[in-house]
Amino acid sequence: MTETKPNNNWLCGYKYPYDDQNGFQVGFQDLPSLTPKLLPTSTEDEATRIFEAWRGASARRLFKLNSFWEIAIQISQEKRTNQYSDQDLSGTIVIPIWFKKDPALEDGNTVSQSFLKIPEDQSNLLLLDGASVPLPWLFSFLSFGLLRPLGVMLTASIVHDFAFEYGGLIYREQDESLSEEVLIFKRVSRDLTDQLFRDLIATVNEMRITAFLAWIAVRLGWYFVKYDGKPRGGDAFPWTATIALIAALSLLGGMIVTLGLEVTITAIALLYSVLFVTLKLTAPPAEVESTRETCPVSEEASTKS
C-alpha cells in the first residue's frame, strides 16, 4: 500500500520545517537553548586529582533548558497504524523547564500552571543528557560522533529524555469549550517513545542509518534504563534490538575463533571505515532545504540542528 503523506501546509508557519517522505513531519520555531551542568575535573587533593579528572571526563554530560521549547509533529494515519499502535502522537509537544512529577496525573489530564511553576529551589530542574553516554569521548569515536552531547540527536533526545522521566509528553491543544489553548498530558509507552526518537532523527537530520542505529541503542536500554521510574518500562520487549545484539556478538565471536584476534581487529577496522564513509555520504549537505515542495525555506532554517 502506498504511504499517505500527512498534510504539510502547516509547515509553512514554522521557522524550521522538516518534510519527510515516510508520513512523519516536524516543525519548530526556535532551536532549544541549553546550559551545561559543570562537572568537577580537579580537586585540591593531589592523590585524587587524576581520578577526579578522569571521572569528570568520562561522566555523562547533563544540560538544562533555559526556556520552554515546543516542537510540532504530524504522523500519517498509515504510519500510526503500522508503527505507533494506532496512538495519535501528532500535535505540538511542549518541553518545560520544570515539571512536577505527580503519579496521579493520568492520560488526558489538563496540566495546570502549578505543575510548571519553577520552584525557588532549582536543584530539581529537568536535566537532559543530549544523547550523551558514559565515557563520551570513547563512544563518540566508536559511533562516528553519533553518541555525543549536542550531537545530531539533540532535538530528538530532548523529547525522548522528557518522556523517559515522566512516562509521557505534554501537548498544547485547543479547548473548544473554553476557546483557548490548554496543556494536556499524554501517556506514551516506552517502545513508542523510542520510535518517536527514531523518526525525529530520520526527519530532522535526514540520516536514516543513524536513526536506526540510535533506535537499536535506546531499545537495548530496556535492560538497564528505567522508564518513568520503573525498570524495563513494563511494555514491549526489544526483540529486534536484542536479536541484532546477539547476532553482532555471535559474529564477533565466530570471527575471533575462525580468523584469530589480529585478523578480526583488522576486519573490524575496515568495516568501521566503510561505515564511516557511508554515514558521511548519506548525511545531507548543510544547505539542503528541509521542506522541498511546499514552503520556501530560509538559509538559516536549512542548517541541521
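## A buried aspartate

The side chains of Asp194 and His160 are joined by a polar contact of 2.7 Å. This is a predicted model, so let's take that pair as our way in. Asp194 sits in helix α5, which covers residues 190–204. With a relative accessibility of 0%, Asp194 counts as buried, because buried means under 20% relative accessible area.

Who else surrounds Asp194? Setting aside residues within four places in sequence, Asp194 is in contact with Phe164, Trp215, Val218 and Arg219 as well as His160.

In soluble globular proteins, nonpolar side chains tend to be buried together. Here the largest nonpolar core has 50 residues, and Ile73 and Phe99 touch the most other members. Helix α4 (residues 154–166) supplies the largest share of this core, with eight residues.

Phe99 deserves a look of its own. Not counting residues up to four places away in sequence, Phe99 touches Leu105, Val111, Phe115, Leu116, Phe162, Tyr166, Ile170 and Phe185.

Helix α7 runs over residues 239–259, and its 21 residues reach 29 Å from the first C-alpha to the last, close to the expected 30 Å. Its buried residues are Ala241, Thr242 and Met255. Viewed down the axis of α7, these fall within an arc of 165°, so they line one face of the helix.

What does the face turned away from the buried side of α7 carry? There you will find the exposed residues Trp239, Ile243, Ile246, Leu251, Val257 and Thr258. After α7 comes Gly260, with a positive phi near 95°.

Note on methods:
Residues numbered from 1 in each chain as written. Predicted model: local features only at pLDDT ≥ 70, side-chain atom pairs only at ≥ 80, totals over all residues. Heavy atoms only, no water. Helix = DSSP H or I, 4+ residues; strand = E, 2+ residues; numbered from the N terminus. Expected span 1.5 Å × (residues − 1). Buried < 20%, exposed > 50% of the residue type's maximum accessible area, 1.4 Å probe, protein only. Arc of directions from axis to C-beta. Core = buried A, V, L, I, M, F, W, Y, C linked by side-chain atoms within 4.5 Å. Contact = heavy atoms within 4.5 Å. Polar contact = N/O pair within 3.5 Å; in protein donor to acceptor, adjacent residues only side chain to side chain.
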